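Hi there,

Here is the structure I promised to send over. Please have a look at it first, and my notes follow below.

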Amino acid sequence: MTRILAIETSCDETSAAIVDDGTLIKSNIVASQIASHKRFGGVVPEVASRHHINSINPVIDLALEEGDSSWDDIDAIAVTAGPGLVGSLLIGITAAKTLAFAHQKPLIAVNHMAGHIYANNAIKPLEFPLMALVVSGGHTQLVHMTDHLQFEVIGDTRDDAVGEAYDKIGRVLGLPYPGGKKMDELAAVGQDVFDFPRAMIKEDNFDFSFSGLKSSVINRIHNAKQKQEELDPADVAASFQAAAVSVLVTKTVKALEEYPSKQLILAGGVAANKGLRSALKQAVTQLTKPVELLIPPFELCGDNAAMIGLAAYYYYQKGLVTSLDLNAYPGWDIDLPLG
């Protein structure tokens, strides 16, 4: 058995977890900062870093306690090295390097987006080849995998990520931070009455663009305010979500038709979106070839250390350990080597 202590501090969640053999989550402690960032309407990097400093040691101690583990039980220490906010990343990396040195444990640098994909390994082992739709506040990608840690990005956003668009529109609507969750709730009771644009849906590639959609929605809201016209926020949310989900699903289905895939993996913070989950479930039933859809439980959709530990097992198995001079890599692309 391989037991890994994992640490995640890429943005505004301080998390530590104990994971066995890349499948069993023994503990997963997450200290959220939502209450602190809510008054700013978004994450403030300096505030996030200060919270990580205060939370990192108690979170690690609690993960060990709830995971019923001593340092003798730990085989390796894993930490998110990127992508993310550089200040936040450095808090987790410094803690991981210190612990690795003090307890003479191997250190594993994990890509944050790889962690999101491997969150699904807690449900069922990944089977290759597979297609992953990675959707978050900073990323919207289609990633094809032929083996563990073999990532080929076949589609990417050319501007805003879909999660970023959700949060920005939510802010304009006056929804509490983070706006994406509330937007999803409103969309469930609203109607698609505005017919917002579905950018790049017919283009012969797998790329995405959500900047134009975001601008179209925000302009519609501003125009209504100027005319003293009342818009139903639920209809705005439903119309935006219909456009965004339509593009995501259409591009994903197209990728599945062109790339051999046994599984479709949904990953990232926006994987918690019920509208997207429902649309993908329906889409896979209409494919001409069988594809298994894996969706992580809600508690593993957001940033958490368990997903880092799940991925780290495969880094460890491949001998991908790093030295104690590890630095933060805020722009680390999933399909590129560390550094």
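To start with a detail: which residue in S5 is the bridge partner of threonine 80? The partner is valine 110. Please keep in mind throughout that this is a predicted model.

That pair belongs to the contact between strand S4 (residues 76-82) and S5, where the two strands run parallel and are joined by five bridges. Stepping back, S4 and S5 are part of an open sheet of five strands, ordered S3-S2-S1-S4-S5, with mixed pairing. At the edges of the sheet are S3 and strand S5 (107-111); each has a single partner strand, so one side of each has no neighbour in the sheet. Ignoring direction, neighbouring strands are turned against each other by 20 degrees on average.

The largest pocket holds about 1,700 Å³ of space. Its lining is made up of 49 residues, and those closest to the centre are Gly137, Asp167, Tyr177, Pro178 and Gly269. Several elements give two or more residues to this lining: strand S3 (24-32), along with helices H1 (34-38), H4 (112-118), H5 (162-172), H6 (179-187) and H9 (274-285). The largest share of the lining comes from H5, with six residues. By class, the lining of the largest pocket has 18 nonpolar, 18 polar and 13 charged residues.

The second largest pocket has a volume of about 250 Å³. Here 14 residues form the lining, and Tyr315, Leu320, Trp332, Pro337 and Leu338 lie nearest the centre. The lining of this second pocket divides into 11 nonpolar residues, two polar and one charged.

Finally, the cysteines. How many disulfides does a search of the whole structure find? The search finds zero. For cysteine 11, the reason is distance: the closest cysteine sulfur, in cysteine 301, is 16 Å away, which is too far for a bond, because a disulfide needs the two sulfur atoms within 2.5 Å. Cysteine 301 is likewise in no disulfide, with the sulfur of cysteine 11 as its nearest cysteine sulfur.

Best wishes

Conventions
Residues numbered from 1 in each chain as written. Predicted model: local features only at pLDDT ≥ 70, side-chain atom pairs only at ≥ 80, totals over all residues. Heavy atoms only, no water. 1 Å grid on protein atoms, 1.4 Å probe; cavity = no way out; pocket = protein on both sides within 12 Å on 5 of 7 lines; lining within 4 Å. Points joined across faces, edges and corners; volume = space filled by probe spheres on them. Helix = DSSP H or I, 4+ residues; strand = E, 2+ residues; numbered from the N terminus. Nonpolar A, V, L, I, M, F, W, Y, C, P; charged D, E, K, R; others polar. Pairing = 2+ DSSP bridges. Axes fitted to C-alpha atoms, helices over the stretch in contact; angles between N-to-C directions.
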